[in-house]
Amino acid sequence: MSDAIISKLTLDHLRDAFQQAGYRVEMMTDPVANTPYLRSATSGLAFDIRPGNRMIDDAASFADVAFTAVLRVQGELPLEIVNRWNAERRFARLQLSAPFLVFCMDVSVVGGVAPGHFRSQIEIWDRLLQDFVAYLREELRKLVPVNGANAPAAVSEPQPAKIASPSVAEADQPATIQ
């Protein structure tokens with residue numbers, strides 16, 4: 001991206017911005033919605049870069065983007081873990097939609113933003129994602145079965161197809177975050 005104010009986004013601009021920040025990025029297509037998006041990773045955790053609201057005057061551009069990491073939950077994950085994250089941290093939110101734990105952050109360029117501001121949003125996402133993994137590890141360690149209760153949850157990263165199709169997500173056994 002140049003030094004010009006960013007007032008709309010395209011997947012190509014997003015790919016370039018993430019590559020300039022040191023990420024490998026690949027173009028993907030959602031098999032259910034048949035919409036293109038980007039996929040990248042940080043600290044071994046994959047995440048999607050999904051376009052948001054389309055610009056009225058340019059169907060290839062959009063006004064916002066969602067950075068999203070989806071993890072599969074195996075077992076019970078108490079809602080207080082999700083709620084505590086959301087109450088104690090800003091910018092990114094956590095949602096439990098069984099069997100998935102969704103971590104996302106929206107970024108808007110409505111009104112125009114400087115390239116440095118957009119780059120800082122990518123850096124904030126990276127930091128939050130790293131904090132999120134550490135938070136989950138710590139919270140899951142605290143969960144101990146009591147008197148034969150259900151085992152604590154295991155949280156793992158689904159493969160790309162697993163996000164769109166829960167039946168596929170249950171077929172493979174992804175690695176557990178520990």
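This is a predicted model: local features need pLDDT of at least 70, side-chain atom pairs count only at pLDDT 80 or more; totals for chains, interfaces and linings use all residues.

Reader: Is Arg-39 buried or exposed?

Author: Arg-39 has a relative accessible area of 7%, and buried means under 20%, so Arg-39 counts as buried.

Reader: Let's zoom out. How many helices and strands are there in the protein?

Author: The protein has 5 helices and 9 strands. Going from the N terminus, the order is α-β-β-β-β-β-β-α-β-β-α-β-α-α.

Reader: And what share of the residues is buried?

Author: Of the 178 residues, 41% are buried. As for contacts between residues at least 6 apart in sequence, 57% of them link residues at least 24 apart.

Reader: Back to β2. How does it pair with β1?

Author: The two strands run antiparallel, with 4 bridges. One of the bridge pairs is Thr-29 with Pro-36 in β2. Together β1 and β2 make a hairpin, with 6 residues between the strands.

Reader: Which residue in that turn has a positive phi?

Author: Asn-34, at about 55°. Asn-34 is not a glycine, and most residues other than glycine have a negative phi.

Reader: Is Asn-34 buried or exposed?

Author: Asn-34 has 62% relative accessibility, so it counts as exposed. Its place is the loop from β1 (26–29) to β2 (36–42).

Reader: What's the phi of Phe-91?

Author: Near 80°, which is again positive in a residue other than glycine. Phe-91 belongs to the loop between α2 (79–88) and β7.

Reader: Where's the cis peptide bond?

Author: Between Ala-98 and Pro-99, with omega about 5°. Pro-99 is in the loop that links β7 (93–97) and β8 (100–108). For context, most peptide bonds are trans.

Reader: Switching to helices. Which residues of α2 are buried?

Author: Ile-81, Val-82 and Trp-85 are buried in α2. They span an arc of only 100° around the axis, so they end up on the same side of α2. As a rule, an α-helix has 3.6 residues a turn, so residues three or four places apart point the same way.

Reader: What does the face turned away from that buried side carry?

Author: Exposed residues, namely Ala-87 and Glu-88.

Reader: And what do the buried residues of α2 pack against?

Author: Against β7, β8 and α3 (115–142).

Reader: At what angle do α2 and α3 pack?

Author: About 145°, with the axes 12 Å apart. The crossing of these two helices is right-handed.

Reader: Which residues meet there?

Author: From α2, Ile-81, Arg-84 and Trp-85. On the α3 side they meet Leu-128, Asp-131, Phe-132, Tyr-135 and Glu-139. Ile-81 and Trp-85 are also among the buried residues of α2.

Notes. Residues are numbered from 1 along each chain as its sequence is written. Side-chain values use heavy atoms; hydrogens and water are left out. Buried means under 20% relative accessible area, exposed over 50%, partly exposed in between (1.4 Å probe, protein chains only). The arc is that of the directions from the helix axis to the C-beta atoms. Contact means heavy atoms within 4.5 Å. Two strands pair if DSSP finds at least two bridges between them. Axes are lines fitted to C-alpha atoms, for helices over the stretch in contact, and angles run from 0 to 180 degrees between N-to-C directions. A crossing is left-handed if the near helix is turned anticlockwise from the far one by less than a right angle, and right-handed if clockwise.
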